[in-house]
Amino acid sequence: MENNEVTIVYFGTPKFAETILSQLIEANLKPQMVVTAPDRPIGRKQELTPPPVKVLAEKNEIPIVQPKKIDEDTTKKLQELTPDLLIVAAYGKILPKNILEIPKYGAINIHPSLLPKYRGPSPIHYAILEGDMITGTTIILMDEKMDHGPIISQAKIKIAENDTTETLSNKLAYHGARLLEETIDPYIKGSLKPEAQNHSAASYTRMINREDGRVDWQNSAQFIERQLRAFTPWPGIFTFWDKKRFKITSLSVLNEDENHNHQEGEVLPYNNVFAIQTGRGKIIPEKVQLEGKKEQPATDFLNGNPNIIESVLK
């Protein structure tokens, strides 16, 4: 489908949405307007930084709207444009009914899970954390409820053993963009009919916060390894040693003991590094970072802090 056949407004904010927008532009489906989040302060210096979607839109001379919330001014701009279709990818806000009713063909959303599984803001984190082997992208016709609308199209991909939220998000963005390109034309022409989700099978995610990265040593070594991958790049995983935050940024798993005589969180000597007892199995930290210090290999940390052996992390 050529761009001049359909008027599109694109809603999105982070890198995931930027990747999809880039693919739309390459497929000659360049939106007539982009709606994204306001610039916000980033980093230690709190420099005002535009979202990735805005940067890409500016490069491609696409008009941009950045409302703090969907207000009357935004609604008026959309009504004046009279778009045929809204495309939403990780915008970060639920669109109200009056916005959804503006476009001729409604609003479609690209969601990085196999709906109705993992509705909500953190489906990629949850897929890794739960140990899923398969995930995918779903394109739905949006309604007023979060990730609730009927499914237009859906496709699966495998989750690699070493996937983090960052790497899997990148894969799903490209995967979702391809699926979107394949979906728009038959959907507009009416040959692809939305089908209601099985709402009784729905599961939900919530926003990830910094405390989600705290390790509960009663969990298994396998779960803690997934926790690290799920929370990479943010918030990472951490525990406390000597009253200081102790981050583990890389680790391996040692599955050796069904029954152990050590306390969960206990630090044990292991070859030239150290192991940490979990509820089942042990983890072997490879890179660590003590509060106020730089990240370093676990061997170097142990050389400077031999008293960590036999301590119990909290």
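Thr138 touches Asn109, Ile110, His111, Ser113, Leu114, Leu115, Ile151, Ser153 and Gln154, leaving aside residues up to four places away in sequence; contact means heavy atoms within 4.5 Å. The model is predicted: local features need pLDDT of at least 70, side-chain atom pairs count only at pLDDT 80 or more, and totals for chains, interfaces and linings use all residues. Residues are numbered from 1 along each chain as its sequence is written, and side-chain values use heavy atoms, without hydrogens and water.

Thr138 lies in strand β8 (residues 134–141). Strands (E, at least two residues) and helices (H or I, at least four) are DSSP runs, numbered from the N terminus. Thr138 counts as buried because its relative accessibility is 0%; buried means under 20% relative accessible area, with a 1.4 Å probe and protein chains only. Its side chain reaches the backbone nitrogen of Leu115 at 3.1 Å.

Seven strands form an open sheet in the order β5-β2-β1-β6-β7-β8-β9, with mixed pairing. Strands β5 (64–65) and β9 (151–158) stand at the edges with a single partner each, so one side of each has no neighbour in the sheet. Strand β2 (residues 33–35) pairs with β5 in the parallel sense over two bridges; pairing requires at least two bridges found by DSSP. Val34 stands opposite Ile64 in β5.

Helix α1 (residues 15–26) packs against helix α2 (residues 52–59) at an angle of about 25°, with axes 8 Å apart. Axes are lines fitted to C-alpha atoms over the stretch in contact, and angles run from 0 to 180 degrees between N-to-C directions. The two helices, α1 and α2, are therefore roughly parallel, a term for angles under 35 degrees.

Conventions. Buried means under 20% relative accessible area, exposed over 50%, partly exposed in between (1.4 Å probe, protein chains only). A polar contact is a pair of N or O atoms within 3.5 Å; within protein, one must be able to donate a hydrogen and the other to accept it, and residues adjacent in sequence count only if both atoms are side-chain atoms. Angles under 35 degrees count as roughly parallel, over 145 as roughly antiparallel, 65 to 115 as roughly perpendicular and the rest as oblique.
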